[in-house]
Amino acid sequence: MGRIRLVAGNWKMHGSRKANRELLEALVSGVPQGRGVECTVCVPFPYLGEVAGQLKGTTVTWGAQNVSEHAQGAYTGEVSAAMLAEFACRYVIVGHSERRQLYGESDAQVAAKFTAAKAAGMTPILCVGETLQERDAGRTEDVVARQLGAVKFDGGVLAYEPVWAIGTGRTATPEQAQQVHAFLRGRVGPGTAIIYGGSVKPQNAGAIFAMPDVDGGLIGGASLVAKDFLDIVKAAAK
Ligand code: PGA
């Protein structure tokens, strides 16, 4: 079907210039080549310049974790898509559940961020996912359909991240992931990469990535440990 396989590290608010350098050195030398999987790191804004410098010319790509929906102006503390594009970001995470929950991002705002990232030539990674309460109420498909439906989705990567599995050590079973991925596949078609996120570790990555509609992962905690992240990238390789 020709869609990409992608393993994206979401560093969240972690890192230091020294730790980043060491982590990226290990990734650059350890990432599998020519095995059909792309490895990317989504880093905190202040590190973008150095990360871009270190990764330029390697097969590891980079991106950001958030972007403003506005082009420019009096938006203190915000970062525009054009600024990210200047640092050659390939990807931008939009609509992560931490942004939705902790910073009150609405579906409409997420949609505008998606459009802004696309317009600047980057690939948005749109996160969707239900809370435990929504899952227990049988509303998983309604919730992800609403989150996806709010966005004019074309040319992005979709990430299914059940909120109850993020940072909890409680991962969706491969079958639970596949079920939602298949539902999303019905909406976005065969050409779109749909990656899974939520407590992916070296121990469970292989089984999750073996599912037919799982095209890789969005990795939080385990992306900060070079060996773990590399093992997860290898699990996604063909
Ligand atoms: P986790 O985070 O792997 O630490 O659960 C995933 C994410 O939030 O993207």
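The ligand is surrounded by 13 residues, the closest being Lys12, His96, Glu161, Gly167 and Ser199; a residue belongs here if one of its heavy atoms lies within 4 Å of the molecule. Keep in mind that this is a predicted model, where local features need pLDDT of at least 70 and side-chain atom pairs count only at pLDDT 80 or more, while totals for chains, interfaces and linings use all residues. Residues are numbered from 1 along each chain as its sequence is written, and side-chain values use heavy atoms, with hydrogens and water left out.

By class, that shell holds four nonpolar, seven polar and two charged residues. Here Ala, Val, Leu, Ile, Met, Phe, Trp, Tyr, Cys and Pro count as nonpolar, Asp, Glu, Lys and Arg as charged, and the others, Gly among them, as polar.

Now for the polar contacts, meaning pairs of N or O atoms within 3.5 Å. Gly220 puts a backbone N or O atom 2.9 Å from an oxygen atom of the ligand, and a polar backbone atom of Gly221 is also 2.9 Å from a ligand oxygen. Asn10 brings in its side chain, with a polar atom 3.4 Å from an oxygen atom of the ligand. On its own the ligand has 290 Å² of accessible area, and the protein covers 97% of that (Shrake-Rupley method, 1.4 Å probe).

Step back and you'll see a closed barrel of eight strands, paired in parallel in the order β1-β2-β3-β4-β5-β6-β7-β8. Neighbouring strands of this sheet are turned by 30° against each other on average, direction ignored. Strands are DSSP E runs of at least two residues, helices H or I runs of at least four, numbered from the N terminus; two strands pair if DSSP finds at least two bridges between them. For a close-up, take β2 (residues 37-42) and β3 (residues 60-64), which run parallel and are joined by four bridges. Cys42 stands opposite Gly63 in β3.

Finally, back to Lys12: it sits in the loop between β1 (5-10) and α1 (17-30), and its phi is positive, near 55°.

Methods:
Polar contact = N/O pair within 3.5 Å; in protein donor to acceptor, adjacent residues only side chain to side chain. Axes fitted to C-alpha atoms, helices over the stretch in contact; angles between N-to-C directions.
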